[in-house]
Amino acid sequence: MQDRHDTLERELGREREYVGQLYERLDEMRVQKTEQLAQVRRTGAVGSAQNVSERDAFATLYEDRLAQLYAVEDRLVFGRLDMDSGEARYIGRIGMSTEDLQRLMVDWRAPEAGTFYQATAFDRQGVRRRRHLMLRGRTVRALEDDVLDPGMLGEDGVVPGEGALLAALNERRTGRMGDIVGTIQAEQDAVIRSPLPGVLVVQGGPGTGKTAVALHRAAYLLYSHRDRLAKSGVLLVGPSDSFLTYIERVLPSLGETGVIMTSPASLLPDLHAVPETDPTVARIKGGLAMADVIAAAVHNRQRVPAEPRRLDVNGFTLTLTPRQVARARDRARATGKPHNEARLTFIKILLRELTDQLMQKVEASSGQEYTGERAWLAEDVRTSRDVRVALNLSWMPLTPKKLVDELLSRSAQLEAVAGELLSPEDRRALLREPGVPFTEADVPLLDEAAELLGDLDASAEREAAARDAARTRDLANAEKALENMNQTLADAGVDGMLSAEDVVAHNTAAETAGTTSERALADRTWAFGHVIVDEAQELSPMQWRLLMRRCPLKSFTIVGDIAQTSAAAGAASWAQALAPFVGGRFTLRELTVNYRTPAQIAEAAVAVARATGAQVSEPEAVRVGDWPPLLQPERRVGDLPDAVVEAVAEDMDAVDGGLVAVVAPASLVPGLRTALQERWGPRVGGGAGSVDQNVVVLDPVEVKGLEFDAVVVVEPRQLIADVGGRPGDLYVAMTRPTRRLRLISSSGWPAGLEQAVRATGSADSGQRHAG
Ligand SMILES: Nc1ncnc2c1ncn2[C@@H]1O[C@H](COP(=O)(O)OP(=O)(O)OP(=O)(O)O)[C@@H](O)[C@H]1O
């Protein structure tokens, strides 16, 4: 015992010394970068206007590096590998070397760091020992060894441990997700380091680390494909604002701030959609038939009049025949351009024909050949009110919002457009008042419409061409200027070369006020280099269609759990969800270990889901908890709020100040929140931004992807009934706790629950296996 203690103290002393050096070096690097930044600012200050903008580009580069050096302060280093070669390789958040380029630490994403996560006793990959270093502040607080080479077991200096993973999992929840770089498990690492191209689907039960893996993969991809992805951007789509708040600190802690995170409600730059509360409407709007409906709605706005129209132009009467309009329409459609852009062709053709007509009329009335400028007649035609009205009636410029709003609020139009595409019941279900706010399920319809309508402003195309030309010019200028600038900086001893592209990108960003992320967010047609989708089982076919457009290269990481689907238009299988877009061309990986939910709770959740006939896989739970799920029957609905308040009080005590969530059907959430606020005031939160309050009250959609120390599920049977008898919402709610689950019901228990709780209730507390 004493030996072990001495060994531990000695090893801790050694590691503290090394880690101390790492932090010293970090401080040095910070000072250096700060000085370089100041140097760059001084260098450019006396230069020409061109020099000043190059200076700014350098400054941004150093500012970014400096920000990264500050972001990695916490747990800078977390591992060490002792290799067969005798090398001791430290693994941390960034790569570090001494001034004379001796390597001090390897970035966790570098290929040489892969063995830290992948090596096992069966496949050592040259590793003798893997050491986990646990830091508090800048000091090594604990360490432990995985010995992979049995020959090392007898050696001095080995500190076998109880499991860095379990220690990490047993930490109390803060309401914000943290990174897992120190304890990524082998099956997770294989997903994180998968190649960039193609579609990767990661299926895993609750708590298997899908979200954690998705975020670490984003950081990995940005590290290993920085050139490409820094410019095109990575988009991460999560289910709700509360979820985005929950995960928002993970990537910055990994030194990455460039990933754009958004939810399906905010995928359009100028709209934050409200939830779609009616599952029937969500199902219809989510179906691919809606793409045809929108296309038909656009076609329907390119109309041929039934009768010829008489048009007054400066006292002359011209005639616009249905045949003329039909011909112009066909030629405009044949351009293949979107509605608003093809409209120019349509208008041009008819203005020309009407000008010809006007000329004939003028000649007929004067009895002689017209000798004036044709342009004058053309102007008369163009500015005639009758002509404008007639052409607009046939081909009106349209915005996506106007098209979709009118389509959904005018039954005659819906019937004309979707008579053969949607059933009469579905059409009736879609009808709503004009001008009501757009819902999340409208977002893909608006996007589809935007795609088919194109830019309203015809000059946009010309502007884009002008921008391209300007960029080519800027690149040439920047190249010349950089030769001088790089030389000046090299003379001043400042490192870091910039390319002409960097400078132009920086200047363009400055002009349009923003980084890649900001520009991408503001541009519906931005093509992302990679898209990561979390809780992907919830997406409707129309939402998939939209996301596929956002990444023409089809480079996707899709993570989710088919068994947790609760959205009415969500996926029943990955193959079915993806078939319309990529056929069978996707790689499926599975995560099989549940790191969150204690075994008794996980087993009860699985039993309830299976009792509804759902197919759920059962990931192996890493831990056995201290409590089986608690079932609390209430006789009267009116007693529920008080019962919930009491339950929360008890659970807060039990988890000793940890976080408690109440998950209830959406209709009960406001009442329960009020009841809890009466007792605890501002310590009770709800919705996005409040995930780190002591107590939160959330509905099943808001709670997706989150986790808490204790969870109180209210009216579980209603949670099943609300989504048409499917277990998704209840299954999600039951799998949120890390320690304690309680269910309160005024209407009995879902099938399978009582038996499952009886069966697991006797389980011993303690730890089952260490992953
Ligand atoms: N390798 C690991 N080391 C430490 N903690 C981990 C590891 N993997 C997962 N976790 C933790 O397990 C919990 C569950 O992870 P995560 O939320 O990513 O799971 P999920 O599969 O997305 O769950 P769900 O589908 O239920 O929302 C988190 O607290 C996460 O930090």
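## About the model

Residues are numbered from 1 along each chain as its sequence is written, and side-chain values use heavy atoms, with hydrogens and water left out. Because the model is predicted, local features need pLDDT of at least 70 and side-chain atom pairs count only at pLDDT 80 or more, while totals for chains, interfaces and linings use all residues.

## Around the ligand

There are 24 residues around the ligand, and Thr183, Lys210, Arg596, Glu707 and Arg736 come nearest (a residue is near if one of its heavy atoms lies within 4 Å of the molecule). By type, the shell divides into 8 nonpolar, 10 polar and 6 charged residues (Ala, Val, Leu, Ile, Met, Phe, Trp, Tyr, Cys and Pro count as nonpolar, Asp, Glu, Lys and Arg as charged, and the others, Gly among them, as polar).

In the side chain of Arg736, an N or O atom is 2.7 Å from a ligand oxygen; for the side chain of Arg596 the distance is 2.8 Å. Thr208 takes part through a backbone N or O atom, at 3.1 Å. The protein covers 96% of the 630 Å² of accessible area that the ligand has on its own (Shrake-Rupley method, 1.4 Å probe).

## Where the site sits

Helix H4 (164–169) and helix H6 (210–224) each give two or more residues to the shell, and H6 gives the most, with 3 (helices are DSSP runs of H or I, at least four residues; strands are runs of E, at least two). The ligand lies between domain 2 (186–268 + 524–592) and domain 5 (599–768), because both give residues to the shell; the bounds come from an automatic or database domain assignment.

## The cavity

The count comes to 1 cavity of 30 Å³ or more (on a 1 Å grid over the protein atoms alone, a set of points where a 1.4 Å probe fits but cannot get out). The largest cavity has a volume of about 100 Å³, taken as the space filled by probe spheres set on the points. Strand S9 (260–262) and helix H22 (516–522) each give two or more residues to its lining.

Definitions and conventions:
A polar contact is a pair of N or O atoms within 3.5 Å; within protein, one must be able to donate a hydrogen and the other to accept it, and residues adjacent in sequence count only if both atoms are side-chain atoms. On a 1 Å grid over the protein atoms alone, a cavity is a set of points where a 1.4 Å probe fits but cannot get out, and a pocket is an open set with protein on both sides within 12 Å along at least five of seven lines; lining residues have an atom within 4 Å of a point.
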